[in-house]
Amino acid sequence: MITRTLYFGDPAYLSLRDRQLEVHLRQGSPSKVPSRTIPIEDIGVVLLDHQQITITHGLLNALLENNCAVVTCSPSHLPAGLLLPLDGHTLQNERFRTQLEASLPLRKQL
């Protein structure tokens with residue numbers, strides 16, 4: 001299945017409504033696009049490239065449940081962070097398990 005990459009470069013409020021990403025562009029943004037919704041299952045990557053974007057925790061959870069990557073950008077428009085789901089990532093789960101099961105002497109040494 002082909003997933004969509006969403007780019008947000010203007011101030012916006014992103015939230016979850018009826019299992020869909022709801023986009024509200026803020027007043028004063030150059031594009032006068034009305035609010036719209038996008039099905040979560042169609043999204044693969046979300047790029048957040050503006051300092052005045054607000055995103056709800058419920059939306060972040062829904063995106064991660066559907067194996068979507070969320071990329072945040074710095075004021076210079078370069079990627080600054082990446083949010084990936086941990087449930088579907090077996091290597092990361094294995095590392096966490098190994099760290100939790102480490103012996104006390106090893107933990108103190110590290």
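Modeller: Let us begin with the disulfide, which is taken here as a pair of cysteine sulfur atoms within 2.5 Å. Please bear in mind that this is a predicted model.

Biologist: How many disulfides does a search of the whole structure find?

Modeller: By that cut-off, the search returns 0 disulfides. A disulfide is a covalent bond between the sulfur atoms of two cysteines.

Biologist: Are Cys68 and Cys73 buried or exposed?

Modeller: Buried means under 20% relative accessible area. Cys68 has 1%, so it is buried. Cys73 has 14%, and therefore it too falls in the buried class.

Biologist: What is the overall make-up of the protein chain?

Modeller: The protein chain holds 3 helices and 8 strands. Along the sequence these elements follow the pattern β-β-β-β-β-β-α-β-β-α-α. Of the 110 residues in the protein chain, 27% are buried.

Biologist: What makes strand 1 and strand 8 edge strands?

Modeller: They belong to an open sheet of 4 strands in the order 1-5-7-8, with mixed pairing. Strand 1 and strand 8 each pair on one side only, and these are the edge strands. From one strand to the next, the twist in this sheet averages 15 degrees.

Biologist: How do you know that strand 1 and strand 5 pair?

Modeller: Two strands pair if there are at least two bridges between them. Strand 1 (4–8) and strand 5 (43–48) are joined by 5 bridges and run parallel. Within this pair, Leu6 has Val46 of strand 5 as its bridge partner.

Biologist: In which sense do strand 7 and strand 8 pair?

Modeller: Strand 7 (residues 69–73) pairs with strand 8 in the antiparallel sense, over 4 bridges. Cys73 stands opposite Pro79 of strand 8. The two strands form a hairpin with 5 residues between them, and in the turn His77 has a positive phi of about 65 degrees.

Biologist: What makes strand 8 hardly covered?

Modeller: Strand 8 spans residues 79–83, and the count of buried residues among its 5 residues is 0.

Biologist: Why is one side of strand 4 and of strand 6 left without a neighbour in the sheet?

Modeller: These strands belong to another open sheet of 4 strands, in the order 4-3-2-6, and its pairing is mixed. Strand 4 (36–39) and strand 6 stand at the edges with a single partner strand each, so one side of each has no neighbour in the sheet. The twist here averages 25 degrees from one strand to the next. Strand 2 (residues 12–17) and strand 6 run parallel and are joined by 3 bridges; in strand 6, Ile55 is the bridge partner of Leu14.

Biologist: Which strands does helix 1 lie across?

Modeller: Helix 1 (residues 57–65) lies across strand 2, strand 3 (20–25) and strand 6, and it runs at about 65 degrees to strand 2.

Biologist: Which residues touch the most other members of the largest nonpolar core?

Modeller: That core has 18 residues, of which Phe8, Leu14, Leu21, Ile43 and Leu63 touch the most other members. Two or more residues come from each of strand 1, strand 2, strand 3, strand 5 and helix 1. Helix 1 gives the most, with 4 residues. Beyond its neighbours within four places in sequence, Leu21 has contacts that include Leu6, Phe8, Leu14, Ile43 and Leu59.

Biologist: Why is Asp49 called buried?

Modeller: The cut-off is under 20%; Asp49 stands at 9% relative accessibility and therefore counts as buried. Asp49 lies in the loop between strand 5 and strand 6 (53–55). Leaving aside neighbours within four places in sequence, its contacts are Tyr7, Phe8, Gly9, Cys73, Ser74 and His77.

Biologist: What makes the link between Asp49 and Tyr7 a polar contact?

Modeller: A polar contact needs a pair of N or O atoms within 3.5 Å, one able to donate a hydrogen and the other to accept it. The side chains of Asp49 and Tyr7 are joined by such a contact, at 2.7 Å.

Biologist: Why is Leu86 called partly exposed?

Modeller: Partly exposed lies between the buried limit of 20% and the exposed limit of 50%. Leu86 has 41% relative accessibility, so it counts as partly exposed. Leu86 sits in the loop between strand 8 and helix 2 (90–100).

Key
Residues are numbered from 1 along each chain as its sequence is written. This is a predicted model: local features need pLDDT of at least 70, side-chain atom pairs count only at pLDDT 80 or more; totals for chains, interfaces and linings use all residues. Side-chain values use heavy atoms; hydrogens and water are left out. Buried means under 20% relative accessible area, exposed over 50%, partly exposed in between (1.4 Å probe, protein chains only). Contact means heavy atoms within 4.5 Å. Axes are lines fitted to C-alpha atoms, for helices over the stretch in contact, and angles run from 0 to 180 degrees between N-to-C directions. A nonpolar core is a set of buried Ala, Val, Leu, Ile, Met, Phe, Trp, Tyr and Cys residues joined through side-chain atoms within 4.5 Å.
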